[in-house]
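The report below describes a protein chain through its aromatic pairs and its sheets. Please read it alongside the sequence and the structure shown here.

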Amino acid sequence: TLGSAPAAVGQQLAALPELSLNRVSFSDAEHGVAVGASGAHGVLLRTEDGGSTWEDVPLAPVEGQPVSGLNAVKLFPDGTGFATGSYGDPDASAHSGLLLVSADGGDSWAPDPAYSGALDLWSRGSVLTDGDFATSQRGWVAGMNLLLVRYTGPEGPGEGEGEGEGEGEGEGEGEGEPTCLRLTPEGSETARPANVQLTFTV
């Protein structure tokens, strides 16, 4: 049943001007996170009581620039979390893509150390707009400029053995090596996919 938020929650969120929330994820009935932006700054909220109260989790600057927005989040029961968005100068028109990870149930978040280094300069400038993770070891993130990045975690290759059976040769090749794919409109020149290796801290 949908209902209005408790007054206490409204008072908490009122402290964040121009707040907009884009995605919410719960690992169980009590623990969840929500992401979005307040003005030109990213926001990540955390609850431990089923949404009755929410805590604004501090987000440290990335390469000296603030997190400018978060668009998607996923929290798993094992305490692993992923959030996608952007960071950059609030006065600049272009920002860079950002992948945040948590290993403690959403208490703290930090940029994935391998993400930006795995991509070319043009891809690193693509703001991440979404992400979908079937498990804490396997998923995809998507961004502007038709960017898709597949992630296979440290246990991914073993976990995925035999997954490609009956699905075509290309599916199984390079298993365990995430691939950066750039989609191209029909009739345009096809960009060669670049193989990248991403390792999340979990």
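## Aromatic pairs and sheets

Trp-54 is buried, with a relative accessible area of 16%, where buried means under 20% relative accessible area, exposed means over 50%, and partly exposed covers the range in between (1.4 Å probe, protein chains only). The model is a predicted one, in which local features need pLDDT of at least 70 and side-chain atom pairs count only at pLDDT 80 or more, while totals for chains, interfaces and linings use all residues. Residues are numbered from 1 along each chain as its sequence is written, and side-chain values use heavy atoms, with hydrogens and water left out.

A search of the whole structure finds three aromatic pairs; rings of Phe, Tyr and Trp (its six-membered ring) pair if their centres lie within 6.5 Å, and planes under 30 degrees apart count as stacked, over 60 as edge-to-face and the rest as tilted. Phe-26, at 36% relative accessibility, counts as partly exposed. Phe-76 and Phe-82 form another edge-to-face pair, and both of its members are buried, Phe-76 at 10% relative accessibility and Phe-82 with a relative accessible area of 2%.

| Aromatic pair | Centre to centre | Angle between the planes |
|---|---|---|
| Phe-76 and Phe-82 | 6.4 Å | 80° |

Ring pairs also link Phe-76, Phe-82 and Phe-133 into a cluster. Lys-74 lies over the face of Phe-76, at 5.4 Å from the ring centre; a charge sits over a ring if NZ of Lys or CZ of Arg is within 6 Å of the ring centre and within 35 degrees of the ring normal.

Turning to the sheets, strands (E, at least two residues) and helices (H or I, at least four residues) are DSSP runs numbered from the N terminus, and two strands pair if DSSP finds at least two bridges between them. Strands of a sheet pair through backbone hydrogen bonds, either parallel or antiparallel.

Four strands form an open sheet in the order β1-β2-β3-β4, with antiparallel pairing. Its edge strands are β1 and β4 (55-56), each of which pairs on one side only. Strand β1 (residues 19-26) is paired with strand β2 (residues 32-38) over seven bridges in the antiparallel sense, and a hairpin of five residues joins β1 to β2. Within this pairing, Ser-20 has Ala-37 in β2 as its bridge partner. On to the next strand, β2 and β3 (residues 41-47) are likewise antiparallel over seven bridges, with Gly-32 standing opposite Thr-47 in β3.

A further open sheet of four strands has the order β5-β6-β7-β8, also with antiparallel pairing. Here β5 (67-75) and β8 (110-111) stand at the edges, each with a single partner strand, so one side of each is left without a neighbour in the sheet. The antiparallel pairing of β5 with strand β6 (residues 81-87) runs over seven bridges, and Leu-75 stands opposite Gly-81 in β6.

Elsewhere in the chain, Leu-147 is found in strand β11 (residues 147-152) and is buried, with a relative accessible area of 2%. Leu-147 and Thr-129 are 18 residues apart in sequence and 9.7 Å apart in space, C-alpha to C-alpha.
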